[in-house]
Amino acid sequence: MNQELVDSVYLAIETYIDECGIPPSHRIIAERCHISKGAVGTYLTYLEKQNRIEREFGVARGIRLVK
């Protein structure tokens with residue numbers, strides 16, 4: 001797994017939350033990181049395993065940063 005890209009996904013989530021006050025959708029993450037929407041889930045799972053985010057499945061934009 002490319003750690004630079006993982007960090008880029010985390011930064012995209014953090015920046016979007018700071019700008020908009022809500023978590024980004026998978027589409028927005030994909031656009032900001034120049035990856036496919038399908039790859040977003042893989043990177044989110046990796047961030048979750050690193051305990052950097054928490055996800056609530058079945059909820060739109062169910063991503064929360066762990067500080």
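What span should the 13 residues of helix α3 (residues 37-49) cover, and how far apart are its end C-alpha atoms? At 1.5 Å a residue (the expected span being 1.5 Å times one less than the number of residues), helix α3 should span 18 Å, and its end C-alpha atoms are 19 Å apart, which agrees. Helices (H or I, at least four residues) and strands (E, at least two) are here DSSP runs, numbered from the N terminus.

The structure is a predicted model, in which local features need pLDDT of at least 70 and side-chain atom pairs count only at pLDDT 80 or more, while totals for chains, interfaces and linings use all residues. Residues are numbered from 1 along each chain as its sequence is written, and side-chain values use heavy atoms, with hydrogens and water left out.

Within α3, the residues V40, Y43, L44 and L47 are buried, where buried means under 20% relative accessible area, exposed means over 50%, and partly exposed lies in between (1.4 Å probe, protein chains only). Seen down the axis of α3, these buried residues fall within an arc of 105°, so they line one face of the helix; the arc is that of the directions from the helix axis to the C-beta atoms. On the other side of α3, by contrast, G38 and K49 are exposed. The cover over the buried residues of α3 includes the helices α1 (3-20) and α2 (26-33), together with the strands β1 (53-55) and β2 (63-65). Just after α3, the residue N51 takes a positive phi of about 60°.

L44, which has its place in helix α3, is buried, with a relative accessible area of 0%. When its neighbours within four places in sequence are left aside, L44 is in contact (heavy atoms within 4.5 Å) with V9, I13, H26, I29, I53, R55 and I63. L44 and P23 are 21 residues apart in sequence, and their C-alpha atoms are 12 Å apart in space. Y46, also placed in helix α3, counts as partly exposed at 30% relative accessibility, and, with its neighbours within four places in sequence again left aside, Y46 is in contact with M1, Q3 and V6.

Turning to the packing of helices, two packed helices are described by the angle between their axes and the distance between the axes. Axes are lines fitted to C-alpha atoms, for helices over the stretch in contact, and angles run from 0 to 180 degrees between N-to-C directions. α2 and α3 pack at an angle of about 95°, with their axes 9 Å apart, and they are therefore roughly perpendicular to each other, given that angles under 35 degrees count as roughly parallel, over 145 as roughly antiparallel, 65 to 115 as roughly perpendicular and the rest as oblique. This contact is made by H26, R27, I29 and A30 of α2 and by K37, V40, G41 and L44 of α3.

The axes of α1 and α2 come within 10 Å and cross at roughly 120°, and α1 and α2 are therefore oblique to each other. Here L5, S8, V9, A12, I13, T15, Y16 and E19 in α1 meet I28, I29, R32 and C33 in α2. In α2 itself, I28, I29, A30 and C33 are buried, and what covers the buried residues of α2 includes α1, α3 and β2. α2 is followed by H34, whose phi is positive, near 60°.
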